[in-house]
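My notes follow the order in which I checked them.

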Amino acid sequence: MKADAPGAVLKRERVRDFILDLVESHRPGDAIPSERALCARLGVSRPTLRAAVDELVAAGLLVREHGRGMFVAPEKITQELVSGQQTMTVPQASGTWSSRLLEFTTIPAGARVGRKLRLSPAAEIVYVARLRLVDGAPMAIEHLHIRADLVPTLSAQELEAGDLYEHLREQHGVHVQEAVQAIEPTVVTRAEAELLDVPELSPALLFERLTSDTTGQPVEYVHSIYRGDRYRIVSRLTLAPAATALSARLGHHPGIPPGDFAHRDTIASSTRGDIHSAP
């Protein structure tokens, strides 16, 4: 592989920094100068500039519109990994969240989900697929597997409106207490891309969560795909005395929509050792 010419990497970095400064000084939806104008202003070639722009488009900071130009992308949905107040509640994710039900049925658990929920493969579970939206824009696809014996009267309305965990508590007497969640990078399939309104193979975040009730019984297994260009996780770290270390470790799980676990139900978090929180 041919090495970059001396200074090429630095030049690309300076171009990227200049465009980032433009993005940060404008509001979402604002236009930025054309590639031709930026090349003339920065004294760089079109390929050098385009490489920087492509990177920022892939990162979800810029949007290209054919025939119109380049625009500052919508703000990313930000969710904290740990609450700054070190409470047992989940910090609210930004934006107004809603759900669109894609599928709702009762099926046998099968071997894999049965192991997770400690059920026989033939035991029934409620399978739910729903599209999560923020301010009307698609943000995530959730696949929920809930023990059917715990929610015999669960309705489609409960899955489309309000807080699911509040419905479980108030309508079904199911009190969730702990969730173990793993996060890892992935890319979207063609079907997922169509639902999320992104190109196929776009970067995404895969969340897997196993939720248990106050007796330690598994209640729900969820895996979700979140858009990598619009969703990020912010980790707030606080140095604390050893006596308070436990409360500092207990906190919020990104990927859990606003309101979930927001009623003093505790959460214990577990992330795979080779996974790093970003967003």
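Before reading the sheet, I noted the criterion that two strands pair if DSSP finds at least two bridges between them. The model is a predicted one, and I kept that in mind throughout.

With that criterion, I found three strands in an open sheet, ordered β1-β3-β2 and paired in the antiparallel sense. I then asked which strands stand at the edges. They are β1 (31-32) and β2 (62-65), and because each has a single partner strand, one side of each is left without a neighbour in the sheet.

I next followed the pairing of β2 with β3 (residues 69-72), which is antiparallel and runs over four bridges; within it, R64 has M70 of β3 as its bridge partner. Looking at what lies against the sheet, I saw that α3 packs on it, touching both β2 and β3, and that the direction of α3 makes about 110° with that of β2.

I turned then to the helix pair, where α2 (residues 35-42) packs with α3 (residues 46-58) at an angle of about 115°, the axes being 10 Å apart. Since angles of 65 to 115 degrees count as roughly perpendicular, α2 is roughly perpendicular to α3. I recorded the crossing of α2 and α3 as right-handed.

Which residues meet in this contact? I listed E35, R36, L38, C39 and L42 from α2, meeting R46, L49, R50 and V53 from α3.

How values were computed:
Residues are numbered from 1 along each chain as its sequence is written. This is a predicted model: local features need pLDDT of at least 70, side-chain atom pairs count only at pLDDT 80 or more; totals for chains, interfaces and linings use all residues. Side-chain values use heavy atoms; hydrogens and water are left out. Axes are lines fitted to C-alpha atoms, for helices over the stretch in contact, and angles run from 0 to 180 degrees between N-to-C directions. Helices (H or I, at least four residues) and strands (E, at least two) are DSSP runs, numbered from the N terminus. Angles under 35 degrees count as roughly parallel, over 145 as roughly antiparallel, 65 to 115 as roughly perpendicular and the rest as oblique. A crossing is left-handed if the near helix is turned anticlockwise from the far one by less than a right angle, and right-handed if clockwise. Contact means heavy atoms within 4.5 Å.
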